[in-house]
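Me: Hi! I'm new to this one, could you walk me through it?

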Amino acid sequence: MTDLTLTAASTIIAAALAKGAEAKMKPLTVAVLDAGGHLKAFQKQDGASMLRYEIASGKAYGALAVGMGSRWLDQTAKERPHFMEGLNAVSGGRIVPVPGGVLIRDQAGKLIGAVGITGDTSDNDELAAVAGIEAAGLKHQAG
């Protein structure tokens, strides 16, 4: 696989939402971006609060921006807040530096996109993202 397909993105979303239901998570919002940071697919469960699209896509966008999962961004924000402030400034405020943004790689290891999830705890958001990526037969990079 060389590109993230709509079928794979849809599978990621469906499996992530199924994981959320199985674990009795709060309503989730899932954004899947291609490797260029463009929206490939998106779903917001009933009951999810406003701004969830911006948060989910910001987690995925941040992961793509630095080539690391957003858990790394979270840790970096604590250790080097000036760096995160600058990164957010140059991205136009698009980066949300909390866990839940996970890189998507094909079986050869090539970066093909990222998924961002929000709605429950950051750890649960990340757990749902990983489940979605694995269900699509792809590799993930969370941290």
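Predicted model: local features only at pLDDT ≥ 70, side-chain atom pairs only at ≥ 80, totals over all residues.

Me: Great. How many salt bridges are there?

Reply: The count is five. A salt bridge here is a side-chain nitrogen of Lys or Arg within 4 Å of a carboxyl oxygen of Asp or Glu.

Me: Which residue forms one with Asp125?

Reply: That is Lys59, and the closest N and O atoms are 2.9 Å apart. The pair links distant parts of the chain: Asp125 sits in helix H5 (residues 122-135) and Lys59 in helix H2 (residues 52-66), 66 residues apart. Helices are DSSP runs of H or I with at least four residues, strands are runs of E with at least two, and both are numbered from the N terminus.

Me: Are Asp125 and Lys59 buried or exposed?

Reply: Both are buried. Buried means under 20% relative accessible area, exposed means over 50%, and partly exposed is in between (1.4 Å probe, protein chains only).

Me: Which residues are linked in a network of salt bridges?

Reply: Arg71, Asp123 and Glu126 are. Asp123 and Arg71 meet at 2.5 Å, N to O. Asp123 lies in helix H5 and Arg71 in helix H3 (residues 70-79), so this pair ties together parts 52 residues apart in sequence. Arg71 also has a salt bridge with Glu126, with the closest N and O atoms 3.2 Å apart.

Me: Where is Asp106, then?

Reply: Asp106 is in the loop between strand S3 (101-105) and strand S4 (111-118). Its side chain reaches the backbone nitrogen of Ala108 at 3.0 Å.

Me: OK, strands now. In what sense do S1 and S2 pair?

Reply: Strand S1 (residues 29-34) and S2 are antiparallel, with five bridges. Two strands pair if DSSP finds at least two bridges between them. S1 and S2 form a hairpin with four residues between them, and Gly37 in the turn has a positive phi of about 85°.

Me: What stands opposite Ala31?

Reply: Phe42 in S2 does. That strand covers residues 39-44, and Phe42 is partly exposed with a relative accessible area of 31%.

Me: Which residues form the nonpolar patch on the surface?

Reply: Leu39, Phe42 and Tyr53 form it, with about 250 Å² of accessible area together. Patches are made of residues with over 30% relative accessible area and no salt bridge, joining like charges within 9 Å and nonpolar side chains (Val, Leu, Ile, Met, Phe, Trp, Tyr) within 5 Å. Accessible areas come from the Shrake-Rupley method with a 1.4 Å probe, and for residues only the protein chains shown count as cover.

Methods
Residues numbered from 1 in each chain as written. Heavy atoms only, no water. Polar contact = N/O pair within 3.5 Å; in protein donor to acceptor, adjacent residues only side chain to side chain.
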